[in-house]
Amino acid sequence: MEVNYLFLKSKRSGLKIAEMVAAFVVIVSFAASSSGVFIAVPLMEILITLAFYLLFLLKLDSKMTLLFWPLMDGVNSVFAAVLLLIVCIAAVVSRVTAGIITGSVFGFIAVALYIADSYIMCSLITVNQQKTSS
């Protein structure tokens with residue numbers, strides 16, 4: 001398998017790693033505060049983000065052309081941001097402990113990262129743009 005070294009050095013790669021780290025801190029914080037009901041969404045987003053990271057890193061998006069992977073990644077980032085926002089707000093409303101507050105703060109950071117990721121992905125997608133000739 002080929003490794004996409006340009007993706008490895010890109011901002012998108014760093015953003016995806018930051019998303020996974022922030023979601024991992026959310027999981028650890030929520031688990032430490034004994035509220036395991038809130039760890040499902042961050043765990044799911046770590047796995048999905050890891051799958052997209054490996055997809056772009058190993059150039060599998062060029063081999064599996066059935067789906068338009070950049071659009072799928074952008075849509076996933078929007079849904080991840082919405083779901084994490086709901087989970088973090090629900091966690092803070094349910095009860096306030098140090099673990100819940102830490103998890104929610106990092107959850108809000110992860111929401112900002114997912115929104116930035118979706119903005120970057122949507123700005124990279126070009127659909128039916130006219131080519132200018134010089």
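Helix 2 and helix 6 cross in a left-handed way. Keep in mind that what you're looking at is a predicted model. The helix 2 and helix 6 axes come within 8 Å, with a crossing angle of roughly 160°. The cut-off for roughly antiparallel is over 145 degrees, and helix 2 and helix 6 are therefore roughly antiparallel to each other.

**Overall layout**

- Start at the N terminus and the elements simply read α-α-α-α-α-α.
- The C-alpha trace of the protein chain covers about 60 × 30 × 25 Å along its principal axes.

**Helix 2 with helix 6**

- Sort the residues of the contact between helix 2 and helix 6 by class and you get 15 nonpolar, six polar and four charged.

**Helix 2 with helix 3**

- Helix 2 also packs against helix 3 (residues 40-57), at an angle of about 160° and with the axes 9 Å apart.
- That angle makes helix 2 roughly antiparallel to helix 3.
- The handedness of the helix 2 and helix 3 crossing is left-handed.

**Helix 5 with helix 6**

- Helix 6 has a contact with helix 5 as well: their axes come within 8 Å and cross at roughly 160°.
- So helix 5 is roughly antiparallel to helix 6.
- Here too you'll find a left-handed crossing, with helix 5 passing helix 6.
- The contact of helix 5 with helix 6 is made up of 17 nonpolar, six polar and two charged residues.

**A nonpolar patch on the surface**

- Have a look at Val92, Val96, Ile101, Val105, Phe106 and Ile109, which form a nonpolar patch on the surface.
- Taken together, the residues of this patch have about 480 Å² of accessible area.
- Helix 6 supplies the largest share of the patch, with four residues.
- Val96 sits in the loop between helix 5 (69-94) and helix 6.

**Salt bridges**

- As a reminder, side chains of opposite charge can pair when their charged atoms come close.
- Across the whole structure, a search turns up three salt bridges.
- One of them joins the side chains of Glu2 and Lys59, at 3.2 Å from N to O.
- Glu2 is in the segment before helix 1 (5-8) and Lys59 is in the loop between helix 3 and helix 4 (60-63), so this pair ties together parts that are 57 residues apart in sequence.

Methods. Residues are numbered from 1 along each chain as its sequence is written. This is a predicted model: local features need pLDDT of at least 70, side-chain atom pairs count only at pLDDT 80 or more; totals for chains, interfaces and linings use all residues. Side-chain values use heavy atoms; hydrogens and water are left out. Axes are lines fitted to C-alpha atoms, for helices over the stretch in contact, and angles run from 0 to 180 degrees between N-to-C directions. Helices (H or I, at least four residues) and strands (E, at least two) are DSSP runs, numbered from the N terminus. Angles under 35 degrees count as roughly parallel, over 145 as roughly antiparallel, 65 to 115 as roughly perpendicular and the rest as oblique. A crossing is left-handed if the near helix is turned anticlockwise from the far one by less than a right angle, and right-handed if clockwise. Ala, Val, Leu, Ile, Met, Phe, Trp, Tyr, Cys and Pro count as nonpolar, Asp, Glu, Lys and Arg as charged, and the others, Gly among them, as polar. Patches are made of residues with over 30% relative accessible area and no salt bridge: like charges are joined within 9 Å, nonpolar side chains (Val, Leu, Ile, Met, Phe, Trp, Tyr) within 5 Å. Accessible areas come from the Shrake-Rupley method with a 1.4 Å probe; for residues, only the protein chains shown count as cover. A salt bridge is a side-chain nitrogen of Lys or Arg within 4 Å of a carboxyl oxygen of Asp or Glu.
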